[in-house]
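Please keep the sequence and the structure in view while reading.

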Amino acid sequence: MEFVENKEVEKEQLTAIFRDMIKYSPSKICGMLGNAIIVPVYTSLLSPEQYGLYSLSIATLSFLCIIFSDWVGLSGLRFFRQHQMTQDMPKYLTTLVTMLASNLFLMFVLSFIFRNWFYAQFNIPVKYLFAILFLIIPVAIRALLFQLLRAQLKSVSYTISTIANQLMTILLSIIFVKYCHMGAVALLLGMGISISLTDLLLIYQSNVLSWFKIQKIDWKSVLPIMVYGIPIAATSLSAWIINQSNKFIMNSIHGFSQVGLVGVAYSLTLPLLMTIFSIITVAAIPRIINMYEEKIDVRPIVSRFTGYYVLIALPIITVISFYARDFVVIFSSSEKFYDAFQVIPFFAFGTFFMAMTDYTTLQYHLANKTYIDFIIKLTSGIIGVILNIILIPKMGLIGVGA
């Protein structure tokens, strides 16, 4: 694709991106505060074993979402402008919804067939597995609708729904844990109800029902969506292996209590920091995609925002790493979780480099060459698992970080 340099358009888009960043920032700031609040609240209500079980359940949920749902939503964002320009949105939405529904049906079938293997590999009680399988339905719908909101550049609506979802999840989870005495499963129940209510809000905000009319699947769109989306799923799975496999390895060796420590360190780094770091990408990427589809050179904008990211993120990561012990003490309500500080620096710098890949690999997403991104992250994931298997038995928590 040949690009056209247009300084005026570039300046206009930069201004628009900064405007969107301001609109998205309340959702990200509230998300960061919510993630910060969750750790002390949950650690005060749950034992290390229950918190470890909750962490494993969320890791399993993210594993299933990566394979069966998230990539459909991201594909919806990537090709939205293209189909909007050709005015075939009803067919496009029908195709997306059909693919998502088919994936979820396949997930339930495979989960039933391989349920015994699933119990053995993930080491999760049956009731938690059922809770996760049903939770993925509203989560998958939310993922698709959030991407459609981003594609429509509805940053204010995105912010409102994100904040509402965060507040409802925390409130309902605390109520169920404290008054229903349901342990870690109460957190999953609270998530399920809050996300379902958020889905209804997103349907209204995205106005998707006005476009969606059941039509024949646009088979010409299926292959590009799969070619773009499946490598993204594989790439995300590689990232999941890097960030989550250590919990399962740790559980098989040292039990749920040590997984609870890993879960605290993880909750205080990747979800917390990525929420803030993603303010730039959540605002910039939809507009960059639109510029790319209109054959405007996006490389100067990508380079500029990469520099902004490093300038903002690196000092934050450095401070957290130097004061890791104090960081854990502030955000943990129980001394039983204080040892998590040992892996905070490792997880913090890992988050920094992971967020940077959103910029360095964006070119592959725009060119629909997501398989290159997959190869890079798969290699990292394999190395990470090998190191976890070798180091965790010998070094415990430090082995997780190293």
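## A loop residue and the basis of the model

Between which two helices does the loop that holds L153 lie? L153 is placed in the loop between α6 (126-151) and α7 (155-180). Helices here are DSSP runs of H or I with at least four residues, strands are runs of E with at least two, and both are numbered from the N terminus. The model is a predicted one, in which local features need pLDDT of at least 70 and side-chain atom pairs count only at pLDDT 80 or more, while totals for chains, interfaces and linings use all residues. Residues are numbered from 1 along each chain as its sequence is written, and side-chain values use heavy atoms, with hydrogens and water left out.

L153 is partly exposed, because its relative accessible area is 28%. The word buried means under 20% relative accessible area, exposed means over 50%, and partly exposed lies in between (1.4 Å probe, protein chains only). L153 and A283 are 130 residues apart in sequence, yet their C-alpha atoms are 8.3 Å apart in space.

## Salt bridges

Two salt bridges are counted in the model. A salt bridge is a side-chain nitrogen of Lys or Arg within 4 Å of a carboxyl oxygen of Asp or Glu. One of the pairs joins D20 to R287, with 2.6 Å between the closest N and O atoms. This pair links distant parts of the chain, since D20 belongs to helix α1 (residues 7-45) and R287 to helix α12, 267 residues apart. Both D20 and R287 are buried; R287 counts as such because its relative accessible area is 15%. The C-alpha atoms of R287 and R150 are 9.4 Å apart, although 137 residues separate the two in sequence.

R299 and D297 form a salt bridge as well, and their closest N and O atoms are 2.9 Å apart. Are these two partners buried or exposed? R299 is exposed, because its relative accessible area is 54%. D297 is buried, because its value is 9%.

## The largest cavity

Rolling a probe the size of a water molecule over the atoms shows where empty space is left. A cavity is a set of points, on a 1 Å grid over the protein atoms alone, where a 1.4 Å probe fits but cannot get out, and its lining residues have an atom within 4 Å of a point. Grid points are joined across faces, edges and corners, and a volume is the space filled by probe spheres set on the points. The whole structure has three cavities of 30 Å³ or more, and the largest holds about 70 Å³.

Which elements give two or more residues to the lining of the largest cavity? They are α12 (270-293), α13 (299-322) and α15 (344-360). Helix α12 gives the most, with five residues. The lining includes I280, T281, A284, F305 and D358. By class it has eight nonpolar, one polar and one charged residues. In this scheme Ala, Val, Leu, Ile, Met, Phe, Trp, Tyr, Cys and Pro are nonpolar, Asp, Glu, Lys and Arg are charged, and the others, Gly among them, are polar.

## A nonpolar surface patch

F105, L106, V109, L110, F112, I113, F114 and W117 make a nonpolar surface patch of about 820 Å². Patches are made of residues with over 30% relative accessible area and no salt bridge; nonpolar side chains (Val, Leu, Ile, Met, Phe, Trp, Tyr) are joined within 5 Å, and like charges within 9 Å. Accessible areas come from the Shrake-Rupley method with a 1.4 Å probe, and for residues only the protein chains shown count as cover.

Helix α4 (residues 89-113) supplies the largest share of the patch, six residues. I113 lies in this helix and is exposed, because its relative accessible area is 52%.

Definitions and conventions: 1 Å grid on protein atoms, 1.4 Å probe; cavity = no way out; pocket = protein on both sides within 12 Å on 5 of 7 lines; lining within 4 Å.
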